[in-house]
Amino acid sequence: GLMDLSTCKDMDREVVDNGDQEGFKGEQDIHFELLLSRIRGLLLLMKLGYENEWGLDELFRDAKKALVTALQQQNEALFVEMEPAGQMQRLDSAWIEYYRLL
């Protein structure tokens, strides 16, 4: 199982690193959702008793960076269904859950 999670993390990085070629990198809404989804999945594993061996801190930093970048670029795609404050609350909620599990 840990090997699969490591592979997923590597694939996430590969998607981001190669995103320019496929037009992915500019889509902050998709990138943010991918990161938040990965964070939520790893938090679930922590709830089941697994240790944080997947670099959740790094995922949180990347998600915050994606959110801040979208705000600076006035990226409307990320904020169509939810205002910036709501997106930040989603991330904050995951952070709170993470710190409660430590």
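Which residues in α3 meet which residues in α4? Here are some friendly notes, with that pairing taken up in point 3.

1. **Ground rules.** This is a predicted model, in which local features need pLDDT of at least 70 and side-chain atom pairs count only at pLDDT 80 or more, while totals for chains, interfaces and linings use all residues. Residues are numbered from 1 along each chain as its sequence is written, and side-chain values use heavy atoms, with hydrogens and water left out.

2. **Overall make-up.** The protein has five helices and zero strands, giving the pattern α-α-α-α-α along the sequence. Helices (H or I, at least four residues) and strands (E, at least two) are DSSP runs, numbered from the N terminus. Of the 102 residues, 30% count as buried, meaning under 20% relative accessible area, with exposed being over 50% and partly exposed in between (1.4 Å probe, protein chains only). The protein exposes about 6,800 Å², and carbon and sulfur atoms supply 51% of that area; accessible areas come from the Shrake-Rupley method with a 1.4 Å probe.

3. **α3 against α4.** Gln28, His31, Phe32, Leu35, Arg38, Ile39, Leu42, Leu43 and Met46 in α3 meet Leu56, Leu59, Phe60, Asp62, Ala63, Ala66, Leu67, Thr69 and Ala70 in α4. Contact means heavy atoms within 4.5 Å. By class, this contact has 13 nonpolar, three polar and two charged residues. (Ala, Val, Leu, Ile, Met, Phe, Trp, Tyr, Cys and Pro count as nonpolar, Asp, Glu, Lys and Arg as charged, and the others, Gly among them, as polar.)

4. **How α3 and α4 are set.** The axes of α3 (residues 28-47) and α4 (residues 56-72) come within 9 Å and cross at roughly 155°, so α3 is roughly antiparallel to α4. Axes are lines fitted to C-alpha atoms, for helices over the stretch in contact, and angles run from 0 to 180 degrees between N-to-C directions. Roughly antiparallel applies to angles over 145 degrees.

5. **α4 against α5.** The axes of α4 and α5 (residues 84-101) come within 11 Å and cross at roughly 170°, which makes α4 roughly antiparallel to α5. Leu56, Asp57, Phe60, Ala63, Lys64, Leu67 and Leu71 of α4 make the contact with Pro84, Gln87, Met88, Leu91, Ala94, Trp95 and Tyr98 of α5. This contact has eleven nonpolar, one polar and two charged residues.

6. **A look at Met88.** Met88 is found in α5 and counts as partly exposed because its relative accessibility is 26%. Not counting residues up to four places away in sequence, Met88 touches Leu67 and Trp95.

Conventions:
Parallel < 35°, antiparallel > 145°, perpendicular 65-115°, else oblique.
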